[in-house]
Each structure stands twice: as structure tokens, then as C-alpha cells.
Amino acid sequence: MIEILDERKRQVFENGKDSYNIACGKASTAGSVSQRACVFCGSRVVLYPIADALHLVHGPIGCAAYTWDIRGSLSSGSELYRMSFSTDLRENEVIYGGEKKLYEALVELIDQYAPKAAFVYSTCIVGLIGDDVDAVCARVSREKGIPVLPVFSEGFKGTKKDGYRAACEAVFKLVGRDNTTPVSPFSINILGDFNLAGEIWIIKEYYRKMGIEVTSCITGDGRVDEIGRAHKAKLNVVQCSGSMSYLAKMMKETYGIPFIRVSYFGIEDMSSALYDVANFFDNKEIIEKTQKVVLEEVSTLLPQLESFRRDLEGKKAAIYVGGSFKAFSLVKALRHLGIQTVVVGSQTGTQEDYNYLKEITEEGTIICDDTNPLELSKFILEKGADLLIGGVKERPIAYKMGIAFCDHNHERKEALAGFEGMLNFSREVHSSIMSPVWKYSPARIKHAGGVE
Amino acid sequence: MIAEAIKTKTPSRSYASTRNACKLCAPFGACIVFRGISGCIPLIHGSQGCSTYIRRYGISHFREPIDIASSNFTESTAIFGGRDNLESALSNVTRQYKPEAIGVTSTCLSETIGENVPMYIAQYEKDRSEREKNDGAKEPALFYASTPSYRGTHMDGFHEAIYSVVSKLAGTSVASENVEEPKHINLISGFVSSEDLRELHKILSSFEMPYTLLPDYSESLDGGSWEEYQKLPKGGTPLESIRRMSSAVGTITLGESIPREHDASAWLESNFGVKAARVPMPIGIENTDAFFSQLTEFTGRPISQKWMDVRGRLIDAYIDGHKYCFGKKAIVYGEEDFVLAICSFLSELGIEPVLVATGAVSDSFKSRILSILKKNRSEPIVMDDADFVTMLEKAKDLSPDFVMGSSKGFYLAKNLEIPLIRCGFPIHDRMGGHRILHLGYRGTLNLFDLVCNTLMQIKQSSSKIGYTYI
């Protein structure tokens, strides 16, 4: 019998049954095996795809070692971002300070790799040992003539969301450095797509067909110089709004660029992401081109989904992801495949997000905030889910319980965004659910009366 | 282009920074040990990220659930101390998981702010023993491994955790006081695969004497599919078995690089007179012979014919394949004891490790390697405190034939355009890394086939004709 800790009871909500406001935005309960990471993780994953920058983790080796090659983000050129650099602080530096080592590390790495900019991530102990990271960065920046940006991402100073904010503050310093390159009157920045498995290239192609120029991508396939002219774009299009809203707001305040929130997952949300941009520019030609793109893509896609839907109709899914915006899209995308969402949760959702999830899910659906493996296994079993959508940490929970799994986390190697991504997503879900292996699973035999 | 190849010039001096690390931090090793103890859940006293990262890294290799709790430091915890967080973490984990034991580790954060965790735990134990008297609830055993991430590598955490468990439990058994205990032995395995641990069980069983194998994640980190959700996957060294380690005939430790202050076998010897023997990791004929001899010495029993037969087949295989191996050059990297053993094995085949590296800082690594590789025609480059980019820079002019070690050497091998023979930890890009057998005569045979077949494949695919008999 799995019980929910008292401290967490209000972070779990059954749609149609419970009436309280779901508790969220809290620090994880000590001793609850949260699936969340830390502030550093938030900063690291957001900035990771900036390909021609040097990313130096200032701290003991673990933080750099665990994040080496952690994302499936692709680059069309420089591969520098995939290197794992660390100051690898030792006892000596913990006692006498790490500034000297940080300085030396920055200088030697900039000399060797000639990056366009450098990010220095502070980990837990950096503040505690009193390193003046700001001063070291400023000095190296002066000496080497490139931006050297501190990222204040000490792990314990909040949650992953605070890490997003720290990343946005760092990247914002790159914006506005290029005022000479001309920018189209129909230009946008794509914020919050990380080019996992080349997703941003799919999205950019849609916008190109619409006659929209993508001025910069922050941060998928990101380039320091490109980000430098982002302030000249006319609109910020924000996906993964949990991580990038801070940047969009800062750019609005400073440069007056409006922003819209979009999602590139699923058919409706992907279409809206294109139409919303077209409507913003309110240009007849663009709107016509957009209709053409959507019509073409959707009419190619829908027939292909049919065969998947036939097999998947009536299946049930559990979703547990980092940001709740992704959860919204997944609930809708699954509906196209005839799959009902019975459990949905996120690491960082807000009250507003969970209310929206209440609206789009059916009675009996469990909605959970910052859940843990034991709770997830309990909900999966109680609600009879056939599929779990999550990340690597959630995968063994699904597999041990004999249900299908789809990796929708930042490590994934399949492009799931765009219309093309919807097809990949359907194929991925289908190939896991329809696999014949489940019929041997003891849990399935016992709890679901086996698999046909 | 592969990331590690981007460079503008060859550096002339050693680096202040670490570029693509060949090591992990200490709490990682401690968590693996704790998951190798029956009913034990690790609890990291630090930021939430430490536990999540370590879980993710371990899950990607073992492909098993690895639940690790966190005391989840916040900003105020870092200022005012983590005692309250630790206590509520301990009680929440106890309530939810009902574990037999909780293995607490520290982090760079908790160590830097000077947390006195042993004192917190002692007080917690004292308070709860009052509660236990009142409500009779069974409380878990508590272990504490000090694992500051800025000191040493994951192997230091691994050894420290074993030490913490043994020094806490051994000699505390109450059940055996009036009973004549049968003779038994201890084996401390080092960081090996789940399959290796199963092999060690087979080897130990064949000596027909009870034993304690510590740690033992042969099942807890490589179990079957479940019928019911298991809060803590079953398997692991039983606590009672650890309690009795103090009355064993002797303790065999696999691996020779364990610092004395972490050495549980030394502690058992000085406190209980349990004889301590360290042997190299049993990879290769000579290392495995040494291991079996030590087992014979402690148990007084001969090596069973079954193992002698495997040994015979291993020698037969060495001879069958010797021409493919002789004079070939290898790069070997990883944990110190693992690398020492792999080098010993390769040298038995006439394969010359030309670059040998470990991520740990070690004074004795170079001399040990050189003594194992004294038959090398040219002196190998031996690096401690190494990282993967430095390895690549050093390897360029060595024309090696293959790379042998964890999957983290992928870019190294790819840049050198030579094969990577995956073994050790971690294997993040293939199935079954935890099922690779390295140890004993059978493990050596497995590695021999991998090495020899890799060399044969090079020969086959580089031939224009592509012979089907090689």
C-alpha cells in the first residue's frame, strides 16, 4: 500500500472529486523522492544549446559530469556546446577560494576554443566559499574581448524555475549587441525551443514558407551573434513558457517587443502557433501562405494518423513532465490518437496551469504537482494507464509496471514538435503500446488481466 | 564534426579546467553501495539536484528504478543549517518507504557549511528510540557516509559507504551470542557490474562456506519484471549478514587502491582480528588465480573442478586467438582498480596498453601500471587525474588499435576512428551494461571474446575481399 505524505496531500487532485485549490510552487518535501532537479539544472538545460559559447561549470566535478551531453539539442555548425568543462574544484579551492582557478580555466579555454561568449555557472558552494564570480568574468571579458557571463545558479537557491530565470538574465546580456544587421519587418524570435532532434529546423521551415524571418533562436541551435540582434525582431514567440517568459518580459520592457505563447506539439497547438504569428502581422499574403502551410501539413498528416488511431483508440495515458505547457499539448495530442489522459502532472506548474488541466481533462483524472515515483506508480495502477509519457527517470516506473513509455524530455532523440513531430510522436506511442512484449509482464497479467 | 576534435592548437601545459570528466563525484558511489544493501534507501543531504542527477545517471546505465531521497536544501537551510531538513527527510522516507536502513550521504554543500551530520543522526536515533519504546515501530538502521564532492571521485564515496556500513553494524549481532557460528568469510566486491556480482555468488558458493558479499546489487539493480510495485527493489546484502562480518575467518577485498581510512577490511582486522586480504580485481588469468588462491586459503577448500575446467577453456581460447592480439595497442581508462586489472589481462595477451588513464588523483597508479606493463616494448603514457580531452590529445600520435572502457570514451574512439570495446561503468549507449561479465575465468573469457572479435572484425572489414573464414 502506497500512501501519500501528509505534506503532499494537497498537491494531488482528482478531477471531479476534489474541490480545493491544488498546492504548487513549493520547495519539494524533504525525503519525498522528487523528480525535480535544482537551480543549476534549470540554467544548464536552457543555455546548453547555445552552440558557439563556452559553458564552464564552476564547482566540484559532479555538476559538470552529470550534465555532459545531457540534451538531444542539435547544432547546424559549432559543436563546442557539447563539451563538458568544469573548474573541478578540490578541497584546496574550497578552503582558499576558487577565483584563481576560475580565471585560469576561462583564459585557457577561451584561448583554445575561441568561443563567441562564455557562460560561467555557479554551483552550490561557489557563493559559500566567497568567490567573486562577477569580478572574474568582468576581468576575463576585458582581457579576451568576448562576453563572459556569470549564471547565478547555485543549486539550493530555489527550484529549477529560478534556474530558468538566472539563465534568462544571463542570455539577456547578449541581446542588443548588434544594431547593424538588417532585420525584416516580418521577423520573429523563437524562444524556448531547444532544437531537440532538429525540431527547430522543422518549425523554422514552416515560418519560412509563411514569409516570416526568424531573427534568432533562443536557445535551440543558438548563436551568440544571432542573439545579439534579437532585439530587432518584431515579435517573440515563446514556447516552453516556463523557462523563457522571463526573457520575453525583459525584452518587452527594454525593447518593447511583444510576445505570444505557443506550443509546437500536437495539431491544434502547432496550427495556432503559426496562425497566431500570421495574425499578429495582419498581412494578407502571410495569412494566405499560413493557411496553405497548415492545410498541406494537416491533410498529409491526418490520414497517416488514422492507422495509429485504430490501434490506440480507448487506451489510457499518464503524463508527467517538467513544464505544464507541454502537458496541455500532450493531453490534446493524445486525444487525436483516441487516448484519454488519466494522470497528468508537472514539476513546475502554477495554480493557473493546473486549473486549465482541470478544464481539459475528464472526471477522475489525477492531477499532481511535483510527484514522486511511488505516487506515480500508485496512480498508474489505480487508473489503469497503458502509457506513461515522461523522461528517463520515469521510464523504469513504466517498464517495471509493464506499460508503454514515450520519452518527451530534454534528452530525447526523436523530433516530436511540428506536424512532422506529431507523426513521430504517434509512431513512438504506437510502437511502444503495440509491442508484443507486454503480454509477458507479470504486472499486466495480474492487474489488467493480460494483454491480448 | 565531433565535439572533442574542435581545437585551435595543442596545449603545451596541463589544464586548470577539466574537459569531459573521467570521474563522478563521491555521493554517486555511496548511493550505489547503499542500493546494494537489503531494504536500504540512499538519502543525500544537499540540494535536490544531486539526487536527481545521480538517479538519472544510474538509471541510464542500470535501466532500473533507483530511488534516492534528498533533504532538499533551500537558501535558508544553507544559512541556518540542515538539521530540520534531515530529520524530516528521515521521517518522511521512513513513513513512505518503510526501509530496513537509510544510507545518508553528505554533499559539497552540506560539508562546506560544516554540517555535523553524525551528531544529528545520533540525536535522531536517541529521540526515536524513545518513540520505539512507546509505539513499538521498527525503525530503520541509519548509516552515514561523508562524501564531500570536492574530495576524490565516486570510488571514494563507494569505499566510504562500505566502511560506514561495516563500522556501524559489524559486531552488533545479538542473535548469535549463544550459538556456535559456522565458519564464514567476507567479500568486498568493489564497483563491478550486477552480472559480476552474480558470478561472485557462484564462485563463493562453490567453496561451500557461508559468506557475506558486500555490496550486492546483483538483484536490486538488475531485477526481473514486477507483479506489484516494489518500493525498494528486493535483493542486497542482508543487514544480519553484515553484522556477522566481525566473526568471519577473513575478508577479501577486490581492488588495491582503497585508501586505508576507507578500508572496511582493515577496520574489521584491527577491531575484530578478521584477517584482511586485498587482491586485484579478478580479470585475467593471473588475477583470477590470485583470487581463487585467497579463497582457498581462507576457506581451506580446494578450487572446484568446474572452475578449473573454465580456466582450461580460457587458456585454450587465449592460444586460439593469440595471433590476432599480439602487438596490438590499446587505450584503457576508468576507475583505478578496473584499469589495473584490464591492463593485466591485456598484457597476458601481448596487447600493449599505450595510454592508461584514471580520473582519480593517485600517487601509486603510475608505478602499479608500469609494473604490470613491464613487458611493453615502449613505455605507456600513464595519467591520473585525467579527462577525456587530454586523453585524446595524448593519443593522437600513438596509433592505438582500440579503446577499452565505459561508453564515455565514445568520442575519444570516434575521433581516433578506432573501435570502443565497452566495459566497466557507465554504459549509457547500449543495452545490458550492467550485465557485462568482467570477473573470474568466465568474465575474462567474455572480455577475451569481445577484444579478439573486435580485432578480427577490423581485419575482416579492412580487407577488400572480406573473408568469411578468418
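**Domains, chains and strands**

Author: The C-alpha centres of domain 1 of chain B and domain 3 of chain B lie 35 Å apart. The model is predicted, local features need pLDDT of at least 70, side-chain atom pairs count only at pLDDT 80 or more, and totals for chains, interfaces and linings use all residues. Residues are numbered from 1 along each chain as its sequence is written, while chains are lettered from A and ligands numbered from 1 in the order of writing.

Reader: What makes these domains of chain B, and where do they run?

Author: An automatic or database assignment sets the bounds. In chain B they are 26–169 for domain 1, 185–305 for domain 2 and 313–461 for domain 3.

Reader: How do you know that domain 1 of chain B and domain 3 of chain B are in contact, and how many residues take part?

Author: Contact requires C-beta atoms, placed from the backbone, within 7 Å. 7 residues of domain 1 of chain B meet this with 10 residues of domain 3 of chain B. On the domain 1 side, helix α2 (residues 48–62) of chain B gives the largest share, 4 residues. That side has 3 nonpolar, 4 polar and no charged residues. Nonpolar covers Ala, Val, Leu, Ile, Met, Phe, Trp, Tyr, Cys and Pro; charged covers Asp, Glu, Lys and Arg; the others, Gly included, are polar.

Reader: How many residues does each chain bring to the contact between chain A and chain B?

Author: Chain A brings 67 residues and chain B brings 62. Helix α4 (residues 99–113) of chain A supplies the largest share of the chain A side, 7 residues. By class, the chain A side splits into 38 nonpolar, 15 polar and 14 charged residues.

Reader: Why are strand β3 of chain A and strand β1 of chain B called paired?

Author: Pairing needs at least two DSSP bridges between two strands. Strand β3 (residues 85–86) of chain A and strand β1 (residues 18–19) of chain B have 2 bridges, so they pair, in the antiparallel sense. A:S86 stands opposite B:T18. Strands are DSSP E runs of at least two residues; helices are H or I runs of at least four, both numbered from the N terminus.

Reader: What makes A:A166 buried or exposed?

Author: The cut-offs count other C-beta atoms, placed from the backbone, within 10 Å: 20 or more is buried, 12 or fewer exposed, anything in between partly exposed. A:A166 has 26 such neighbours, so it is buried. A:A166 lies in helix α7 (residues 160–172) of chain A. Beyond four places away in sequence, A:A166 touches A:V39, A:S43, A:V151, A:F152 and A:S153.

Reader: Which element gives the most to the side of domain 2 of chain A that touches domain 3 of chain A?

Author: Domain 2 of chain A spans 39–172, and domain 3 spans 187–295. Their C-alpha centres are 27 Å apart. The contact takes 21 residues from domain 2 of chain A and 20 from domain 3 of chain A. α7(A) gives the most to the domain 2 side, with 6 residues.

Terms used. Contact = placed C-beta atoms within 7 Å.
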